[in-house]
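Here are a few exercises to work through with the model open beside you. Try each task before reading its solution.

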Amino acid sequence: MGMTMSQKILAAHAGLDSVKAGQLIEANLDMVLGNDITSPVAINVFNDGNASSVFDNSKIALVMDHFTPNKDIKAAEQCAQTRRFADKYDIKNFFDVGQMGIEHALLPEKGLVGPGTLCIGADSHTCTYGALGAFSTGVGSTDMAAGMISGKAWFKVPSAIKFVLTGKPAPFISGKDIILHIIGKIGVDGALYRSMEFFGDGLQYLNIDDRLCIANMAIEAGAKNGIFPVDDITREYIKDRFKGEPKEYFADDDAQYDEEYVIDLSSLRPTVAFPHLPENARTVDEIGETEVKIDQAVIGSCTNGRISDLRAAAEILKGKKVAKGVRCIIIPGTQNVYLQAMHEGLFDIFIEAGAVVSTPTCGPCLGGHMGILAKGERAVATTNRNFVGRMGHPESEVYLASPATAAASAVTGRITSPWEVMGK
Amino acid sequence: MKYTGSVIKYGDNVDTDVIIPARYLNTSDHKELASHCMEDLDKTFVSRVKQGDIITAGQNFGCGSSREHAPIAIKASGVSLVIAKSFARIFYRNAINIGLAIVECPAAAEEISEGDTVEADLDNGIIRNITTGKEYKTAPFPDFVQKIIENGGLMQAIVNEAF
């Protein structure tokens with residue numbers, strides 16, 4: 001029986017010719033990731049296990065991105081604990097303030113993950129790297145600790161759902177609109193325990209940033225991983241960047257999929273997920289006459305903090321002003337994205353429009369810092385979760401949207417389609 | 001292993017952000033995490049939860065973030081077992097890894113009411129609602145999962161050479 005892309009990567013790392021859904025395997029890891037919140041817990045477990053060495057100091061990445069630059073004393077202590085660990089074990093990929101970016105924007109950019117990589121990360125959005133043809137999944141801190149010690153993890157081989165993306169998306173329709181549409185269709189547990197594998201002629205219209213955004217939110221449908229086949233767009237992106245040996249795995253013709261969805265990208269419209277679940281997706285047209293006024297717009301995160309995202313926001317904000325009463329916070333995902341956006345003049349556009357530009361951080365996405373909401377406030381955000389209290393007060397609200405929609409909404413002060421602002 | 005406790009009941013899609021809000025993730029201290037457990041969903045949880053209590057919930061319990069702080073907070077608050085219709089996959093793995101007993105049983109999760117006294121024998125896959133007398137069958141825990149939970153977590157099981 002044929003295998004899916006995900007199954008082939010797992011089989012190769014388990015030293016097996018083939019695997020099938022439901023099989024328990026032990027596989028060798030190419031990368032183990034943690035951040036400033038999950039690493040301290042993993043380090044405690046590592047020490048409880050009386051471990052005295054890591055399996056490979058070049059295959060561990062520790063990224064100080066969630067509560068950094070340190071938001072308070074406790075956050076500072078967590079970074080300090082991780083920094084001491086990185087020093088002690090000479091962890092090569094330790095990224096502190098100055099080098100760090102949001103982990104899932106940073107690792108692809110640094111070439112630490114690529115086609116055929118098997119990666120676990122103590123962060124649920126580790127599934128992002130499937131955009132590059134990797135098998136990558138989120139785990140907890142104990143699995144991270146065990147991975148750092150042994151270089152291995154056990155997996156239950158997932159079954160998969162096939163998504164065939166066809167046609168060309170309209171202007172301002174991005175990866176975010178596509179994945180919100182899909183989660184709206186299948187629900188927050190629609191892909192529970194399974195792989196989401198993406199195919200179709202529509203992939204040619206999706207750049208790496210769109211794909212990273214789509215794979216990033218696979219977890220919001222409960223998936224174990226999301227994955228794209230490697231093509232010329234991937235190869236161009238990893239060229240002179242990926243530090244490993246790229247290995248391309250394609251699904252067999254007779255690979256089994258539990259379900260198949262065909263999504264016509266040309267029919268998609270700007271899409272927003274209403275509180276308090278990412279599955280509450282509506283197109284902006286469906287909002288109708290009721291105005292959804294906003295207090296804050298956040299453009300950034302591991303979902304949408306890459307250069308294409310900032311360019312889309314800048315295209316909307318150019319020559320316009322953020323509406324009175326709206327706080328617009330723009331957060332480039334990495335230092336490189338920051339530099340590139342600065343050189344392209346995007347910061348001039350943002351600042352002249354009345355937005356602020358922050359150093360890379362996960363900050364407001366998880367209600368950490370840099371843009372917390374008060375009781376009753378509403379934000380439109382390019383982040384990935386709109387759970388109760390996610391960005392601050394339990395009685396605040398988060399509406400998930402693309403960078404173009406978030407920027408358009410910042411201009412009008414209510415949730416607005418980029419098409420309306422740009423006069424399409 | 002047997003668990004007996006009084007039930008605290010929740011609905012579908014209880015996410016890790018309400019189990020332990022991110023604003024408290026600047027610590028990994030178990031007691032401190034427990035003192036904020038369920039805060040954004042149920043402000044009364046911390047004051048009413050008793051040692052040994054059992055949580056029942058609907059679909060997709062523990063969805064969202066991979067924070068291991070979520071099962072840690074539940075366990076440290078005294079909860080002995082979580083019974084749900086289904087669990088999000090990272091939470092499921094994390095709960096076992098830190099030694100929090102959890103079991104999927106849709107019928108039990110649906111029918112057991114808040115405040116009922118429940119006894120669960122997970123080695124044999126039996127959940128009994130002592131209040132109503134009704135019994136439910138589940139898949140028994142595999143041996144390795146039993147060992148992890150008995151030892152208080154994966155790493156402790158490895159240190160104790162039980163795994």
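**Exercise 1.** Is Gly202(A) buried or exposed?

*Solution.* Before we start, a word on the source: this is a predicted model, where local features need pLDDT of at least 70, side-chain atom pairs count only at pLDDT 80 or more, and totals for chains, interfaces and linings use all residues. Residues are numbered from 1 along each chain as its sequence is written, while chains are lettered from A and ligands numbered from 1 in the order in which they are written.

Step 1: get the cut-offs. A residue is buried if 20 or more other C-beta atoms lie within 10 Å of its own, exposed if 12 or fewer, and partly exposed in between, with C-beta atoms placed from the backbone.

Step 2: count. Gly202(A) has 22 other C-beta atoms within 10 Å, so it is buried.

Step 3: Gly202(A) sits in the loop between β9 (195–199) and α7 (208–216) of chain A. Helices (H or I, at least four residues) and strands (E, at least two) are DSSP runs, numbered from the N terminus.

Step 4: Skipping neighbours within four places in sequence, Gly202(A) is in contact with Leu165(A), Thr166(A), Gly167(A) and Leu265(A). Contact here means C-beta atoms, placed from the backbone, within 7 Å.

**Exercise 2.** Work out which residues of helix α12(A) are buried, and how they are arranged around the axis.

*Solution.* Step 1: go along residues 346–353 of chain A. The buried ones in α12(A) are Leu346(A), Ile349(A), Phe350(A) and Ala353(A).

Step 1: look down the axis. These residues cover an arc of only 95°, which puts them on the same side of α12(A). That arc is taken from the directions running from the helix axis to the C-beta atoms.

Step 2: see what the buried residues of α12(A) pack against: α10 (307–317), β15 (327–330), α11 (335–343) and β16 (356–357) of chain A.

Step 3: Just after α12(A), Gly354(A) has a positive phi of about 100°.

**Exercise 3.** Which strands stand at the edges of the seven-stranded sheet in chain B?

*Solution.* Step 1: write the order. This open sheet of chain B runs β4-β3-β2-β1-β5-β6-β7, with mixed pairing.

Step 1: read off the ends. β4 (101–104) and β7 (135–137) of chain B each have a single partner strand, so one side of each is left without a neighbour in the sheet.

Step 2: β3 (residues 81–84) of chain B pairs with β4(B) in the parallel sense over four bridges, and Val82(B) has Ile102(B) as its bridge partner.

**Exercise 4.** Find which element of chain B gives the most to the side that touches chain A.

*Solution.* Step 1: size up the contact, which takes 35 residues from chain B and 41 residues from chain A.

Step 1: α5(B) gives the most, with six residues.

Conventions: Pairing = 2+ DSSP bridges. Contact = placed C-beta atoms within 7 Å.
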